[in-house]
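Trainee: I would like to learn how to read a model like this one. Could we go through it feature by feature?

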Amino acid sequence: MLQHLTQAMVQAFGQACSQWSGFWEGSRFFLFVLFSVFLLIFFFGKQEAARDVLPWSVLCTFLFFLPPAALLIQRMIGEEVYWRVLWLLPVTPLCALAVTLLASHAGRKPAWLLLPVCLLFLAVSGRDALSAGFFERMHNYQQVPTEIPHICNLLHEQEAAHGQDRVYIAADNHIATWVRVYDPSILQAYGRYGNGAVNSWAARIYDQMESGQPDYDIIAENISNLTVNFVILPFTDSEKALEICGYGWEMVGHINDYYIYYVTENGEELIAQKK
Amino acid sequence: MNMLMKGALAFFWLVLVPPALSGLLPLDRKARGPERFLTGYLLVFSLAELLTLPALFIRFSFHTLAGVYGAVLLAGAVAGLFRLRKGFRKNGTEADSLRERAGSVSVFLWIALVLILLQIAVVMLLGHRDQDDAFYLATATTTLRSDKILRVNPYSGYPYHSFPKRYVLSPFPVFLACISWLSGSLHPAILGHMLLPGVFLAMAYLVLSLYARRWFGEDAGKRGIFLLTCVFLIWFSGNSTYRSEVFLLVRSWQGKAVLAGVLLPFLFYLELSFFRPAAAGNRKTSWLLLFLGHLSCCLLSSMGILLAPVMTGLFALQALFRRETRHLVLPGLLSMLPCICLGAVYLRL
């Protein structure tokens, strides 16, 4: 029992080390953090502000690596997200405090040089959120991918045109991720990454869709087992998109590379004939 | 109801109600705008958690929950305003002190303010595609549509096969749905992607301004340098996918981002004010605010149920080693009660 516990703690410690280095991602920003801690300890250690953050930061870091604590927390929240414990470290106030104390104690004129140098280092050692590709222009207020509102509108038009009482779709991962964010009236056989799959047929459809080389015979067979009335598939080749109609699916429109099919009632028959 | 009207309602609930609510809380007489706004949000989040969990387990309809929540917020805001009015009559208005302070703002602070406003504009007007929206935002839209609280799977639109125990104690998406409903059924995706990022980013900077006030007092120059450095630290965090600054910038409509970027830093400030009041001119924080802080962390994320008491526990440990703060250990630990109770429920579910 003790041996097993020791082994588990060693493993937890290893996980903590790997997630610590993963958290900083080898960036120069970590050097800036170390520089800030160095300044606060050796030059400004007697300031009350430094005493607010330093003991806490040391204690928190110690806890992060302490094997029994690491093991307990990893068991509670999961190993893969243990790095979130580092959210407890007041990195931004600590670094900003160090820069402020450095700039303000250097005197008025040196401060006008030191502050830009520190800020420039931050800019160079980091990456601004725009060039990191975090943001993009969106073309709707909901800020979902552009094709989603168009697809949803088309689905509702076709729902009315075919006298259906609901829209129930099977789609690829991209569409399945965003459709219900925009329009929760649309039902899905499964969501993002196949989550919430309504049954094993739905799970099989998702697996085929995301397999890289989907077998449309299997997809069609499982679609016919569900009561899905629309299928949304991505095709770069419009001829291939038309071939799919042989499964008893009526192509009702396409938005960008996405083709929307209405599943007709004779689909099952056509699939049986194909076999 | 047109979009402008819905936006105005959202502004009312997100920006005007919280500071009014702060009138109900035992704040220091010298508490200023940032502190009032943030502590008001502690009440907003705490009330959401206290009302949503019973409504969920008793199976109230969503619109009942949202209606009751709105009524409670409104009543609290009105009562808070009355109390604030009395306080202003006694001590002079916030506007008088604002005029005094406006003249002492440093150039660094002005630069920081401009950059902060630019950042807020970017996060509101540009979009970030995060696939976790398939759960979190879809839960909000599904709640609004189905009128059921966490009974319908957001991925499929069908009822859950089994209770989503990982998320049920931290129903932040339901809070989002409530604000949407109270804003004339403003689409939760518009609320989450356009309005909340601006509000929560502003709150993060308000927390940092509290640190600046604590550490540098009335020295506007130092406070300006501090905030300007924070602006750069947050904006140039783009080379990390793990830091709280990045979460705050790009995913602030998700509970864990608000936890990491706003609530945990604010809780840290409250803990400092509670356990180390002497360092800030003996302005002490009430135990109640710590308690509400823990309850708010529980709403935002299941991570909050764990991280908030870890923070308080470490502060209590530090306090234990000083004679002058030893008496604060027990009240500090008691403030963790919401997290302890919900943690126990989480383990049993």
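Mentor: We start with one residue: Gly313(B) is partly exposed, with a relative accessible area of 26%. Buried means under 20% relative accessible area, exposed means over 50%, and partly exposed is in between (1.4 Å probe, protein chains only).

Trainee: What should I know about the model and its numbering?

Mentor: This is a predicted model: local features need pLDDT of at least 70, side-chain atom pairs count only at pLDDT 80 or more, and totals for chains, interfaces and linings use all residues. Residues are numbered from 1 along each chain as its sequence is written, chains are lettered from A and ligands numbered from 1 in the order in which they are written, and side-chain values use heavy atoms, with hydrogens and water left out.

Trainee: In which helix does Gly313(B) lie?

Mentor: Helices (H or I, at least four residues) and strands (E, at least two) are DSSP runs, numbered from the N terminus. Gly313(B) belongs to helix α14 of chain B, residues 302-320.

Trainee: How do I read the interface, and about how much area do chain A and chain B bury between them?

Mentor: The size of an interface is often given as the accessible area lost when the parts come together. Buried area is that loss (1.4 Å probe), summed over both parts. Chain A and chain B bury about 7300 Å² between them, and 70% of it is on carbon and sulfur atoms. The contact (heavy atoms within 4.5 Å) takes 77 residues from chain A and 77 residues from chain B.

Trainee: How many residue pairs are in polar contact across the interface of chain A and chain B?

Mentor: A polar contact is a pair of N or O atoms within 3.5 Å; within protein, one must be able to donate a hydrogen and the other to accept it, and residues adjacent in sequence count only if both atoms are side-chain atoms. The rule finds 26 such residue pairs across this interface, both residues being at pLDDT 80 or more. Among the elements of chain A that give two or more residues to the side touching chain B are α1 (2-24), α3 (48-65) and α5 (91-105). Of the elements, α5(A) gives the most to that side, with 11 residues. By class, the side of chain A that touches chain B has 48 nonpolar, 17 polar and 12 charged residues. Here Ala, Val, Leu, Ile, Met, Phe, Trp, Tyr, Cys and Pro count as nonpolar, Asp, Glu, Lys and Arg as charged, and the others, Gly among them, as polar.

Trainee: Is Asp52(A) buried or exposed?

Mentor: Asp52(A) is buried, with a relative accessible area of 2%. Arg276(B) is buried as well, at 11%.

Trainee: Which residues do salt bridges that share partners join into one network?

Mentor: Take two of the pairs in turn. Asp130(B) forms a salt bridge with Arg251(B), the closest N and O atoms being 3.3 Å apart. These two are 121 residues apart, so the pair links distant parts of the chain. Asp132(B) forms a salt bridge with Lys256(B), the closest N and O atoms being 3.6 Å apart. The network joins Arg192(A), Asp130(B), Asp132(B), Arg251(B) and Lys256(B).

Trainee: Which residues of the largest nonpolar core touch the most other members?

Mentor: A nonpolar core is a set of buried Ala, Val, Leu, Ile, Met, Phe, Trp, Tyr and Cys residues joined through side-chain atoms within 4.5 Å. Of the 195 residues in the largest one, Leu40(A), Ile169(A), Phe45(B), Tyr69(B) and Phe226(B) touch the most other members. Helix α9 of chain B (residues 188-216) gives the most to this core, with 18 residues. A second, separate core has 26 residues, including Tyr247(A) and Trp249(A).

Key. Buried area = accessible area lost by both parts, 1.4 Å probe. Salt bridge = Lys/Arg side-chain N within 4 Å of Asp/Glu carboxyl O.
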